[in-house]
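This briefing concerns the protein shown below.

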Amino acid sequence: FPMLPGADSEPIARNYGLPGSTSAAWSVGGRIGGQVVQLVGFVVLSHMLGPRSYGVMSVAGIFVGFAQIFTDIGIGPAVVTRPNLTESYLTAAFVVNAASGVVIAALVAPCGLLLAAWFGLPSLRWVVPVLCVGFVVSVSPVSLALLEREFRFRSVALIELGAALVSQVGAIILASAGGGLLSLALMPVMS
């Protein structure tokens with residue numbers, strides 16, 4: 001990313017966190033923990049909401065998941081591997097990440113209307129735009145990349161596990177309050 005005018009160019013020092021084996025254990029443990037939380041949430045929510053809600057989310061999720069490919073434009077790996085990381089580089093990475101999220105959301109959200117007509121599922125008109133909010137509020141790639149750069153995999157694992165817990169518990173609470181399909185659509189936004 002180019003330097004922003006007037007920004008500093010001093011490299012940011014690296015802080016090497018946990019040793020490799022401990023980092024790997026935290027990384028694997030965080031992934032397993034997140035999967036367990038999602039599995040428990042899935043079981044609870046599927047009993048509360050039924051198959052129709054999950055069918056609508058599957059259609060929307062495939063489409064929005066495909067669009068997600070284009071938001072991950074290599075910013076995280078670029079931050080992790082750049083030899084001399086500066087504040088201006090991080091600012092540019094954050095701005096590019098945020099701008100790409102807004103652009104992808106603006107392009108994908110209206111497609112909910114087309115998907116609703118194509119599949120005969122009217123709820124896709126609002127589910128796809130709600131899922132697209134996740135593109136706009138997702139600022140974590142740069143922050144997580146900084147933690148990974150410093151080998152702070154424990155922090156990354158705890159953040160990802162916490163995000164999974166918040167989204168699953170939030171969805172269960174919303175479904176309990178009668179939120180229905182909205183509880184599933186807001187899960188990515190809550191994480």
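Is F66 buried or exposed? F66 is exposed, with a relative accessible area of 51%; here buried means under 20% relative accessible area, exposed over 50%, and partly exposed in between, with a 1.4 Å probe and protein chains only. The model is predicted: local features need pLDDT of at least 70, side-chain atom pairs count only at pLDDT 80 or more, and totals for chains, interfaces and linings use all residues. Residues are numbered from 1 along each chain as its sequence is written, and side-chain values use heavy atoms, with hydrogens and water left out.

**Overall architecture**

- The protein has 10 helices and 0 strands, where helices (H or I, at least four residues) and strands (E, at least two) are DSSP runs numbered from the N terminus.
- Of its 191 residues, 36% count as buried.
- Among contacts between residues at least 6 apart in sequence, 76% join residues at least 24 apart; a contact means heavy atoms within 4.5 Å.

**Aromatic pairs**

- The count comes to 3 aromatic pairs, the rule being that rings of Phe, Tyr and Trp (its six-membered ring) pair if their centres lie within 6.5 Å, with planes under 30 degrees apart counted as stacked, over 60 as edge-to-face and the rest as tilted.
- One of them joins F42 and Y54, whose ring centres are 5.1 Å apart with planes at 80°, so the pair is edge-to-face.
- F42 belongs to helix α1 and Y54 to helix α2, so this pair ties together parts that are 12 residues apart in sequence.
- F42 is partly exposed, at a relative accessible area of 42%.
- F66 and F70 also form an edge-to-face pair, because their ring centres lie 5.5 Å apart and their planes stand at 80°.
- These two residues are 4 apart in helix α2 and are thus separated by about one helical turn.
- F70 is partly exposed, with a relative accessible area of 46%.

**Nonpolar cores**

- The largest nonpolar core has 29 residues, of which L45, L124, V127, V128 and L184 touch the most other members; such a core is a set of buried Ala, Val, Leu, Ile, Met, Phe, Trp, Tyr and Cys residues joined through side-chain atoms within 4.5 Å.
- At least two residues of this core come from each of α1, α2, α4, α5 (111–119), α6, α8 and α9 (181–185).
- Leaving aside residues up to four places away in sequence, L45 touches G50, Y54, Q168, A171, I172, A175, L184 and M187.
- Another core, of 8 residues, lies apart from the largest one and includes V79, L85, L90 and V142.

**Largest pocket**

- The largest pocket holds about 1600 Å³ of space. On a 1 Å grid over the protein atoms alone, a pocket is an open set of points where a 1.4 Å probe fits, with protein on both sides within 12 Å along at least five of seven lines; lining residues have an atom within 4 Å of a point. Grid points are joined across faces, edges and corners, and the volume is the space filled by probe spheres set on the points.
- Its lining comprises 45 residues, with Q38, Q68, S140, P188 and S191 nearest the centre.

**Loop positions**

- F151, in the loop between α7 and α8, has a positive phi of about 60° although it is not a glycine.
- F151 is partly exposed, at a relative accessible area of 34%.
- S138 lies in the loop between α6 and α7 and is partly exposed, with a relative accessible area of 27%.
- S138 and V102 are 36 residues apart in sequence and 9.8 Å apart in space, C-alpha to C-alpha.
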